[in-house]
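Please look over the sequence and the model shown below before reading on.

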Amino acid sequence: MWSFFSRDPTKDFPYEVGDPVPGLEDRSVWTVHKGKKRGTQEEVSIFLFDVQKSSETLFDIAKASLKKLKTMRHPSLLHYLDSCETEKFLYVATEYVEPLSRHIEDMKLEGPQKELFLAWGIFQITRALSFLNNDGNMRHNNVCLYSVFVTLAGEWKLGGFEFLTSQGQENANPIPIKILPALEIYDPPEKKDATKLKTVTKCSSDMWGLGCLIWEAYNGPLKNQPALKTVDNIPKQLCTLYCELVSANPGSRPNPADIIARCRKMGGFFKNDLIDTMLFLEEIQIKDKVEKGKFFSTLSSYLDNFPEAVCVHKILPQLLTAFHYGDAGSAVLAPMFKLGKLLEDADYQKQIVPCVVKLFASNDRTTRSRLLQQLDQFIMHLQNSTVNDQIFPQVVHGFLDTNPVIREQTVKSIVHLSSKLNYNNLNVEVLRHFARLQAKDDQGGIRTNTTVCLGKIAQHLHPQIRQKVLVSAFVRSTRDVFPPARQAGVLALAATQQYFLLAEVANRVLPALCPLTNDPEKQVRDAAFRTIKGFLGKLEKVSEDPSLKEGMEADVHTATPSLSNAAATWAGWAVTAVTAKFYRSHSDTARVAHPAKSVLSKPGSLEQPSSSSMSTTTSSVTSMTSLEHSESASDYDPDHWDMAAWGDIDSSAGTGASVSAKSPPSSGSAHATPALAALCEDDWDNEEWGTLQEQPSAEAELASPSETWNNTAWIDPALNNANATYVRGGRLEHRPTAHQNSNDSLGGWEDGEFEPIEENVDENNASKMDEMRRKREERKLQRQREMEARRSARGQGPMKLGTKMAPTNQPF
């Protein structure tokens, strides 16, 4: 029974005492040890007092400081957790800290980070002293380098309450006697001059200590009081205040509340980005949404100058809290991802990844846009399973979004996601959407970037899928009416040349490239010439030495080839071009003009954007609209993917083939040629991707494999295909009609899969073309008048040799 009453009380103390932490030595009655909480292994600090080796007076001082520590709570005061008293030791558990003296000694901060860190720390201690002196009517009496501790978040906490006194205590000495001799150096001068004790205020002794702390923060431990006169290392903004703090007259030392008010003014020492940020985060719960949005939008630009410890352990947790429980919205993403780079991988998985998954499920367009834009900042931290199961199903909705910006950014995001996608998501789902976007999207920039992206992810595709898809997709792009799309197709063919069989190069690639040598755009022509020369050189080498064929086709069936291998070949220039940047999308899209009365085709400068529009800078975000879907994913049955994806764009059947072959070639590269029509008679003919030549529906569309030809669909093509574009007499002819459902017009065709590509024509474009036509007629009439005037003028001048005079009737 006696053993029960005499059992060790430390068994109820839920903390384990670890190794001692140097820094206090003989300047405190406590020794600091590392500690951990049992069960959670949370790091704490253990302040330990040795009862047996210390005097009764020091023991009383230690117990008094513990009592004060228990009863006071303030953000800038050391945070108490638990305590335990035994016959041998007195244990006090606090938040994990280390003495400021050791922190400054080991500090590796330089330049602005160091200045901001010290300013933030001095501000916190000044705020703590204002709380003690003004709100608590207490004097700390021990402010120095060794009574301040630093947390993992870089916050300064005031401790060392061994000599703390209250203003209301009777017979209380305004300046108590310190038992430890090493602390006497911090005593204010009035302690030795009784005449000055009359002017002592409630904060004068602590302000002297604050002055000593400022000096030690910039110069190191104080050796003697005369050294306080050296102000070379103290910032100029702080010199005036520092001199007031270490003044010999106690009455002239300012109140800590006045110090904060003065230094927080514009240009003051406490007016900087870090302190402004930390104070805003402390009050973020009472800020409105506009203030939060403005704060988060500018925070990223300041983070580079902030100490890493403050960013990781203070700012980032506040951002995560604001995201989970506040209304910060998508504005918090940029700083959150920037700070996430500072985390270890395990911490990133625990803190950031759940936020990313939650954000991708959001229907807010702004949030989705910012996520897709910043995908490269966090994709390397995501597990493959997380990408395939939780993120990609949300990303894929962007392919069907009605907003072009979301569609374009979704396409670009596949470049970062492709290395982590599984076979089905990459080789089936992604390519199915890419095929639809490249063939049917009304935005030329999106069609262009789809081709660029396909070239970038070619190395991650399955070899069989890659061999089936690449040539058909890139050849289709070379027929696009949008010049940058044609150029992207050429560059992609060159950049991925190691994935093509030489037979494909001879039979499909080169015949598709040759018409581009007469393209209206010089950049397209230049790229075509270089690519053709490269492919011809490759074929010529194999012709001279057939043993080279196996080496040149080595990557065709390789599971994980690298695009970098092509950089050492003749196509290195194309690899750089196709993998550098995406095309910058503009609101203007390639439009097809109304049929002109003149039999002559329009010049390329009127029908297509100029070469200056073929910029390759990154895309910018435009305005967001509501989340809608124009098409359903079910419209594109995966069962038809392997036989109906990336078909050649020249495919035609029956009379359509003959008509297309007999049509005279046009100056634009969007029209079919006999050679190209002939090369497409393979397994890719007659597929769902339609034709980029914009042929009539009666000639280009094919019946569903499960249906017979419907003769009623051939009566009037204009009724079956609304707003379609046709080829007539070697020129593009547009015949807009009222919109009709493809199922209604073609009776039994599946969800419009086989519809020809439609081009939208706006009324403004039509009016511009009419205005240009009118001006041409006026100029023509003007030239006729000038010619008639010149003829009449020649008849009035002197007669030239060789001219016949008209007979005149002479009067009788």
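**Charged pairs and their surroundings**

D442 is partly exposed, because its relative accessible area is 29%, and that label rests on a scale in which buried means under 20% relative accessible area, exposed means over 50%, and partly exposed covers what is in between, with a 1.4 Å probe and protein chains only. The model is a predicted one, in which local features need pLDDT of at least 70 and side-chain atom pairs count only at pLDDT 80 or more, while totals for chains, interfaces and linings use all residues. Residues are numbered from 1 along each chain as its sequence is written, and side-chain values use heavy atoms, with hydrogens and water left out.

Which residue meets D442 in a salt bridge? The partner is R407, and the N to O distance between the two side chains is 3.5 Å; a salt bridge here is a side-chain nitrogen of Lys or Arg within 4 Å of a carboxyl oxygen of Asp or Glu. This pair links distant parts of the chain, since R407 is in helix 16 and D442 is in the loop between helix 17 and helix 18, 35 residues apart. Helices, as the word is used here, are DSSP runs of H or I with at least four residues, strands are runs of E with at least two, and both are numbered from the N terminus.

R407 also meets D441 in a salt bridge, with 2.8 Å from N to O. Here R407 lies in helix 16 (residues 404–417) and D441 in the loop between helix 17 (423–440) and helix 18 (444–457), so the pair ties together parts that are 34 residues apart in sequence. R407 counts as buried because its relative accessibility is 8%, and D441 is buried as well, with a relative accessible area of 8%.

Side chains of opposite charge can pair when their charged atoms come close. A search of the whole structure finds 23 salt bridges, and another one of them joins the side chains of E283 and K287 at 3.7 Å, N to O. E283 is partly exposed, with a relative accessible area of 39%, and K287 is also partly exposed, at 22% relative accessibility.

Is T451 buried or exposed? T451 counts as buried, because its relative accessibility is 0%. A polar atom of the T451 side chain lies 3.3 Å from the backbone oxygen of R447.

**Loops, helices and distant neighbours in sequence**

Most residues other than glycine have a negative phi, and most peptide bonds are trans. N137, although not a glycine, has a positive phi of about 50 degrees; this residue lies in the loop between helix 4 (111–135) and strand 7 (138–139), and N137 counts as partly exposed at 39% relative accessibility. N141 has a positive phi too, near 65 degrees, and its place is the loop between strand 7 and strand 8 (148–151). N141 counts as buried because its relative accessibility is 8%.

L213, in helix 5 (residues 204–219), is buried at 0% relative accessibility. L213 and Y146 are 67 residues apart in sequence, and their C-alpha atoms are 9.1 Å apart in space.

L375 lies in the loop between helix 14 (365–373) and helix 15 (384–395), and L375 is buried, with a relative accessible area of 1%. The C-alpha atoms of L375 and F337 are separated by 9.4 Å, while the two residues are 38 residues apart along the chain. Helix 15 itself holds P393, which counts as partly exposed at 32% relative accessibility. P393 and A361 are 32 residues apart along the chain, and a distance of 9.2 Å separates their C-alpha atoms.

**A charged patch**

Which residues form a positive surface patch? They are K775, R776, R779, K780 and R783. Such patches are made of residues with over 30% relative accessible area and no salt bridge, where like charges are joined within 9 Å and nonpolar side chains (Val, Leu, Ile, Met, Phe, Trp, Tyr) within 5 Å. K775 has its place in helix 32 (residues 763–796), and K775 counts as partly exposed because its relative accessibility is 40%.

Conventions: Areas by Shrake-Rupley, 256 points an atom, 1.4 Å probe, with all protein chains shown as cover. Lys, Arg positive; Asp, Glu negative; His and termini not counted. Charge placed at Lys NZ, Arg CZ, Asp CG, Glu CD. Polar contact = N/O pair within 3.5 Å; in protein donor to acceptor, adjacent residues only side chain to side chain.
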